[in-house]
Amino acid sequence: MISIPHKTKQFLVLLVKLLIVGGAFYFIYSQLANNDKLDWHQFITIFNKNKSITGVGFILLLSILNRYFEILKWKNLASYIRPISTLESTKQVLAALTAGVFTPNGVGEYAGKALYFDKSDTKQVIFLNLICNGIQMVLTVIFGFFGLFYFNYKFQVLPTQTVLFILLGFISLVVVLFSIKKITLKGYSIEKLVAKINAIPEGIHRRNIFLGCCRYFVFSHQYYFLFLGFDVDLPYLTLMAAVTSVYFLASSLPSFQFLEFAVKGSVALYFFGVLGVNEWIIIFVSTLMWFLNVVIPVILGSFYVLNFKTKIPSDSIT
């Protein structure tokens, strides 16, 4: 049993907070400052040509709506444990995003949200956060499949046999998982997982799916409107097929939150390159999407991380 003085615990908590926030700002700066593919001169030229307060405001509104729908999703799911306000949900979502910025696929986000609940609710919080992110992944896969098929039909970037193989492989995986749902591994099974999901009221699931669809619609069209702002004149279905394909393929690759724009940017370079879009425009649009939907929320989340009050008892720690 080791007793750590209260002042020491306060210092350690403050140190962790500063490391999270300082690290987040460092990686944001390094990604923007050291990307030699960002042609700021051309960006300023296009911006001055097409600048519009209404247009900029609209793009910023889409970023706000994107995060707002995520906040409402978490508020809805967290109500299964205890009701929380929109402000409390905002605090938890933004702080968790900042805490998860260094971890593969935002795993740290799960721990970040759990800190706002009683320790006895930790497993439930992690499970609900899995549901929260899971519906977004399901929607990304569904829309991505349709987008990829349409894009491939128009431009034949992949052999038809390959596309069919991907579809059959996905269907086979789902069939296999549910056929072995009773097999238990370390106390977990598909059957138990389905039972836990079904235990959540249908109303919560319906709102989760609806809000997930709203969020997907917002950030995918934000991508679309940014390309329009850079004078990319392509048919709506073609451009949206490329956008949904990029999100589908990029989301299947393991990455860190702070490298998300690089991963999506690399996939986007291929798809939009097929459409004849200039490389610097693709890089800029991908970077702006990352900046508006990750960097700004992380900066706001840093405030909540620094002001987080730990629930660890002040008398002792073991």
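Me: How far does helix 4 (residues 86-99) reach from its first C-alpha to its last?

Reply: This is a predicted model, where local features need pLDDT of at least 70, side-chain atom pairs count only at pLDDT 80 or more, and totals for chains, interfaces and linings use all residues. Helices (H or I, at least four residues) and strands (E, at least two) are DSSP runs, numbered from the N terminus. Helix 4 has 14 residues, and the expected span of a helix is 1.5 Å times one less than its number of residues. Close to the expected 20 Å, helix 4 reaches 20 Å.

Me: Which residues of helix 4 are buried?

Reply: Buried means under 20% relative accessible area, exposed means over 50%, and partly exposed lies in between (1.4 Å probe, protein chains only). In helix 4, the buried residues are Ser89, Thr90, Gln92, Val93, Leu94, Ala95, Ala96, Leu97 and Thr98.

Me: Which residue takes a positive phi just after helix 6?

Reply: Helix 6 covers residues 122-155, and its 34 residues reach 47 Å, close to the expected 50 Å. Just after helix 6, a positive phi of about 50° belongs to glutamine 156.

Me: What separates the C-alpha atoms of cysteine 214 and leucine 65?

Reply: Cysteine 214 has its place in helix 9. With a relative accessible area of 18%, cysteine 214 is buried. Along the chain, cysteine 214 and leucine 65 are 149 residues apart, yet the distance between their C-alpha atoms is 8.9 Å.

Me: At what angle do helix 9 (residues 202-229) and helix 12 (residues 279-306) pack?

Reply: Two packed helices are described by the angle between their axes and the distance between the axes. Axes are lines fitted to C-alpha atoms, for helices over the stretch in contact, and angles run from 0 to 180 degrees between N-to-C directions. Residues meeting here include Phe219 and Tyr223 in helix 9, with Val285 and Met289 in helix 12. The axes of helix 9 and helix 12 are 10 Å apart, and the angle is about 140°.

Me: At what angle do helix 3 and helix 12 pack?

Reply: Helix 3 passes helix 12 in a right-handed crossing, a term for the near helix being turned clockwise from the far one by less than a right angle, with anticlockwise being left-handed. The contact is made by Ile59, Leu60, Ser63, Asn66 and Arg67 of helix 3 and Leu292, Asn293 and Pro297 of helix 12. The axes of helix 3 and helix 12 are 10 Å apart, at an angle of about 65°.

Me: Where is aspartate 231?

Reply: Aspartate 231 is a residue other than glycine with a positive phi, near 65°. At 40% relative accessibility, aspartate 231 counts as partly exposed. Its place is the loop between helix 9 and helix 10 (236-251).

Me: How many helices does the protein have?

Reply: Buried residues make up 42% of the 318 residues in the protein. Among contacts between residues at least 6 apart in sequence, 77% join residues at least 24 apart. The secondary structure has 0 strands, and the count of helices is 12.

Terms used:
Residues numbered from 1 in each chain as written. Heavy atoms only, no water. Contact = heavy atoms within 4.5 Å.
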